[in-house]
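The paragraphs below walk through a few strands and side-chain contacts. Please keep the model open while reading.

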Amino acid sequence: MIREMIRASVDRHVPSAGAATTPFDGVELFRVEAPFERMPGIYSPCVCVLVAGEKVVYVEDSRHVFNEDRYVCATLPTPTLADVSGASPESPLLGLLIHFDNNMISRLILEMQAAYGTPPTTDKSRNGFGTAVRDERLDLALANLLELLDDPPAAQVLGAGRLREVLFAILRGEAGDRLRSDFGGAPALATTLAHVHAHIGED
C-alpha cells in the first residue's frame, strides 16, 4: 500500500520524461519512457530509489541490478554505464534521486553514534558504490516526505526534518555501513572527491 502511494506520487509529480525538482534540497524525481543500453554517466554521492522499473548499472567489472526492492547508494563520484529495458510511456521507469549533503550526513552520523553507540563497520568494499535493500522504514520515510509535495507550506516547514528522517532510515538500513565508513570514518576523502567532481572543468 505504501509503495503504491509512493509510486503514484512520483508518477503524478513528474508526468513527462525527464527530471523534476522538488522543494527539498538535493531531491529530484525522474521518469524514463524509453529503453537504452550502456549509457555512460556519473553518480554523484547520492541515493537513487526506483519506485517502478529496473535498471542495470556497470561499475568497472561489477554489475549492479536495482529495482523496487534494491536502491543504489553512492558515497563517492562514480563513473558508470547503465542499461534500462522495457521502459515505455505506458510503463515508465520512475524514481527519486537524493544527493547527499556532506555536513548533514556527518552530523546525523555523529548524533546517531551518541544515541546508539558506534556500531562495527562491516562494509569492506570501499569502492563507494553499491545497492541495498529497500526496507519498510525507508518506505515510510519516503512516503512522509513525498506527501508534502501536495502541501507547499507544509513542505517549507517540515521538509528538512522529513529529509533527515529519510537519511536516518538509510543509515539504519543495509547502506548504513557504507555511509558511516565514507562520511563518518573518512569524510575528508568523500568531501575532496565531491569537490573535484563539482569543479572538474576548472583549473
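Strand S2 (residues 27-32) is joined to S9 by six bridges, and the two run antiparallel. Strands here are DSSP runs of E of at least two residues, numbered from the N terminus, and two strands pair if DSSP finds at least two bridges between them. Within this pairing, Leu29 has Leu96 in S9 as its bridge partner.

The model is predicted: local features need pLDDT of at least 70, side-chain atom pairs count only at pLDDT 80 or more, and totals for chains, interfaces and linings use all residues. Residues are numbered from 1 along each chain as its sequence is written, and side-chain values use heavy atoms, with hydrogens and water left out.

S4 is also joined to S9 by six bridges, again antiparallel. There, Cys46 has His99 in S9 as its bridge partner. Because six of the seven residues of strand S9 (residues 93-99) are buried, this strand is largely enclosed by the rest of the structure; buried means under 20% relative accessible area with a 1.4 Å probe, protein chains only.

His99 has a side-chain partner as well: its side chain makes a polar contact with that of Ser44 at 3.0 Å. A polar contact is a pair of N or O atoms within 3.5 Å; within protein, one must be able to donate a hydrogen and the other to accept it, and residues adjacent in sequence count only if both atoms are side-chain atoms. Ser44 lies in the loop between strand S3 (36-43) and strand S4 (46-52), and Ser44 is buried, with a relative accessible area of 16%.

Elsewhere, Thr131 sits in strand S10 (residues 129-133). The side chains of Thr131 and Arg70 make a polar contact at 3.0 Å.

Key. Helix = DSSP H or I, 4+ residues; strand = E, 2+ residues; numbered from the N terminus. Buried < 20%, exposed > 50% of the residue type's maximum accessible area, 1.4 Å probe, protein only.
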